Amino acid sequence: MPNRALPLATKIFEGYLTYIETFNTYTRLAPLYFAQRNWQATQLNHRQRLRLYKDLLFQLVKVFQEILGTDSTNREIWKLIRKEYQEMIRERPDVELAETFFNSVFRKTFPNNPLDEELMYVMEGYNSCEIRENSDLLLTYPASMGLENIIRQILEDFDFGVPFMDKEQDVQFLVKGVKDVILTRYQVEVGTKTQLLKPVFYRNKAAYLIGRTYVGKKWMPFIIPILNGPKGIYVDTLIFDPNLMSHLFSFTRSYFMVEAEVPSQIVGFLYSVISHKKIHELYNAIGFNKHGKTLFYRDFLHHLAHSSDQFVVAPGIKGMVMTVFTLPSLNIVFKLIKDHFEPPKNMTRQEVREKYKLVSLHDRVGRMADTHEFEYFRIPLHRVSPELMKELRNTTNSLLRVVGDQLIIKHLYTERRMIPLNIFLETCSTREGLKVIEDYGRAILQLAQANIFPGDMMTKNFGLTRQKRVIFYDYDEIELLEDMNFREKPKPETYEQIYAAEPWYEIGKHDVFPEDFKRWMIGRADLKPHFLSYHRDLFDAAFWKGIQKRIQDGELIHAIPYPEEIRFRPGEPD
């Protein structure tokens, strides 16, 4: 049996090496495409990297199933495989990712995806994210260099292979930004220094430098976004606001392309500058979402062990496609696809899964929630409220199995819990409501510019983050915007047409009449007039067709992930 375990462990290790080497190859293309302003290649490269893990895993699991056959459930073999594999990965700088890869192979090969401490890395895996002060990861600039010299040196040290549009003006913008925000509050003293991560973070049309300054006996983080416009690269702004920094790393945004030879150190640095983000969220942000899922599950198990409340049906209007529940003490919702859909929904469970897959591979532009997909998810039975169990039995019974004291759910998605927009609008003040409905319209617009048509745009399908940002989270009706047919309603010409109980004109599957949105998008009398005026373009078919044409012409419409008013050159083309 030991002789059999070594080649199997080797196959997993070789599979992991293929994954991480290919992942890094895709990542290293990001600066090249940024320099070339090749935005179509940028998007394709991002999608290919997202697909990589599952594609390689599928091939490897198929081989394992063929080799092991009925021994797929042989615990002794798996113990030996894990032991051999552990020796292979022990000294790797990315050992935590290698552990997660092993878990994936095991759970996909072993029937019913057991969660087994002896056979996989459940809680005891590598989990260190320390920063090594003298590592090759950082560039350090002592305050003795002088502010302007530090700024010049930073712009010199990061070579994007493209000339600056106006480097001198960028220097002065950055100097002013530091003076206005830092030097008005803190004095430079012995020990003051600035550090930047050497790896550059790329996403869509932007590159980001991540740094921190030690001043006033604490670290002050900052981010420098850089864009590559028709006239060359330029510094777009300087971000100190922790809320804006957090938003750049939000669960609603696509993953960054950033070289990470030692991922845990990159995450450690990020955690030092965005400390209210969880470690699993930061792994997600740099593209290692499978390991992020592992860490999320460890956090979940830890939370279960240190809490006592029960899982309950999530507040809000019940969906026709998904059953949603939550644990009040945890900011997560759990979403299951129902066994049967209520009319007028007529899709299949697989079609719903395809919609979620589309979102996972798409640019979420800060307006769609990231999800983790789980199979055979375990919850202690005594933590499931009677009302929730009844709801699950009535709507998702085929996904449930009870084994001992555990409820096992065959398939579910997890998502960050948000305040449903319809519930927020029921009780908020007029002032709060006006601000939020403006963002609701912006969310729809930015999704459209990212080639996503939400389908059902009712407020119950949107939620609010802690920063009151509007996020779309109901994906069963989304379509690519380029596939839709935006129309104006034909004008009735006869008595029969005017008083027809049903539309007298033909309506195709993908036909959309934006003027109809006015009737149901916002109901409150004190908010609706402002919404109709502020977002009047949303009700114009020609407006939607204009966005559609830009997408069909191959344009990548960049959603700037921070306010336009903080840009150094507002309106500058990217």
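Modeller: At 65% relative accessibility, Asp136 counts as exposed, where exposed means over 50% relative accessible area with a 1.4 Å probe, protein chains only. This is a predicted model, in which local features need pLDDT of at least 70 and side-chain atom pairs count only at pLDDT 80 or more, while totals for chains, interfaces and linings use all residues. Residues are numbered from 1 along each chain as its sequence is written, and side-chain values use heavy atoms, leaving out hydrogens and water.

Colleague: Thanks! In which loop is Asp136 found?

Modeller: Helices (H or I, at least four residues) and strands (E, at least two) are DSSP runs, numbered from the N terminus. By that naming, Asp136 sits in the loop between α4 (95-109) and β1 (138-142).

Colleague: And how far apart in space are Asp136 and Leu197?

Modeller: In sequence, 61 residues separate Asp136 and Leu197. Taken C-alpha to C-alpha, their distance in space is 9.2 Å.

Colleague: Is α2 parallel or oblique to α4?

Modeller: Helix α2 (residues 39-68) packs with α4 at about 50 degrees, the axes being 9 Å apart; axes are lines fitted to C-alpha atoms over the stretch in contact, and angles run from 0 to 180 degrees between N-to-C directions. Under 35 degrees is roughly parallel, over 145 roughly antiparallel, 65 to 115 roughly perpendicular and the rest oblique. Therefore α2 is, relative to α4, oblique.

Colleague: Which residues of α4 make the contact?

Modeller: Contact means heavy atoms within 4.5 Å. From α2 come Tyr53, Leu57, Leu60, Val61, Phe64, Gln65 and Leu68. Those of α4 are Thr100, Phe101, Ser104, Val105, Lys108 and Thr109.

How values were computed:
Buried means under 20% relative accessible area, exposed over 50%, partly exposed in between (1.4 Å probe, protein chains only).
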